[in-house]
Amino acid sequence: MAMKLDFHFYLVYALAERSGFRQLTEDGEKEAYIIAYASQYVDDNDDGQVIGSAEEGEPIEEARVETEGATGLREEVDRYQKFPWAVRVRETGNFFRPVMTQTVSLKSFLSIFQRYLFVAFHFLPGDREKIPLIRGRRNPWSTTAHSRNAITVLKDALESDDPYRIGAALHTFADTWSHQNFSGFNDDWNGGSGLALLPDIGHAEVGEKPDRISERWTDRRLDVEVRNIDRAREATKAIFEWLSKYRPSWGHSWDEVAEEMEWLLQARDQDERIERVKGLYPGENLDYDRKRWIEEALEFDPESGEVVAKEAFLGSHWYRFQCAVQKQLAKTLPLFPEGV
């Protein structure tokens, strides 16, 4: 329920790199890569993640080991756990409590997840004067492109100079274009397809159509044909201009990169767009592995049945990302509409 990998990771990487975020961090990775990974990981930091040795595609509820014992077959502890609500940090003996930024389960029907997850990270409430009239009302929770709230969140992240915060904020910022005129709550205001079996959460009724750059679709609530590339073009320019303000002497100007970005946007589909971005940076590994950060940071302890932190956890990408999204959540909550 957000722009796809080609925008959130690959285009964001190109925009960050071209605007001057080229320095290597203490981990030896380019700032642009961390920004892009954090941007995409907002969609992948969900309850579908597995910590441990469950096989790819194995049904989670069946991932158990049976061994022959003196008293017959017996069940052993699970070989994995899903998204950890608490991580034991061995060095301190304390627990670290992360936050999810996406869900792939029935939790999406709970209003608490809609408010603190969908709204906070994907459907930020926008500018009231830009909210359209749908079914006789204007929804104050509706997202609007390039909203004042989205700028507030992005500026706060940019001023922190924390690439993890910048990446997470860019995800939310970009989503204000693809998710405009939808809210993160289950609300018939979002509905328009007439398919009553689908929930009215965000743009669920129209599926992934708003998220694919090369897609054209009709928003039946407004009787408007949407060309996503037009929205993506606006988002791309706005992102570059905001990023370049914080690296004014290190990057390019928009005039220098506009043609290149248009070439990327005009790709036939997501796969071609990804290959075009990779082609701009020969020799760089720009493959995205959604498991990388969490597997570098965490492991499953079968004896205690807990997810525990690996060595150097407090310096890991995953821990830093979690700190970043916690700060973004704290920044975002005061921006929610009052009294509704």
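The model examined here is predicted. K278 pairs with E275 in a salt bridge whose closest N and O atoms are 3.9 Å apart. Both residues belong to helix α8 (residues 270-280), where a separation of 3 residues amounts to about one turn of the helix. E275 is likewise partly exposed, with a relative accessible area of 48%.

## Salt bridges between separate segments

The count of salt bridges comes to 36. In one of them, the side chains of K30 and E17 meet at 3.8 Å, N to O. K30 is in the loop between α1 (5-18) and α2 (31-44) while E17 is in helix α1, so this pair ties together parts that are 13 residues apart in sequence. K30 and E17 are both buried.

E129 forms a salt bridge with R148, with 2.8 Å between the closest N and O atoms. This pair links distant parts of the chain, 19 residues apart: E129 lies in the loop between α3 and α4 (148-160), and R148 in helix α4. E129 is exposed at 52% relative accessibility, whereas R148 is partly exposed at 48%.

## Packing of helices α3 and α10

The axes of helix α3 (residues 111-121) and helix α10 (residues 317-332) come within 10 Å and cross at roughly 95 degrees. Helix α3 contributes Y116, A120 and F121 to the contact, and α10 contributes V325, Q328, L329 and T332. By class, the contact has 5 nonpolar, 2 polar and no charged residues.

Definitions and conventions: Residues numbered from 1 in each chain as written. Predicted model: local features only at pLDDT ≥ 70, side-chain atom pairs only at ≥ 80, totals over all residues. Heavy atoms only, no water. Axes fitted to C-alpha atoms, helices over the stretch in contact; angles between N-to-C directions. Helix = DSSP H or I, 4+ residues; strand = E, 2+ residues; numbered from the N terminus. Contact = heavy atoms within 4.5 Å. Nonpolar A, V, L, I, M, F, W, Y, C, P; charged D, E, K, R; others polar. Salt bridge = Lys/Arg side-chain N within 4 Å of Asp/Glu carboxyl O. Buried < 20%, exposed > 50% of the residue type's maximum accessible area, 1.4 Å probe, protein only.
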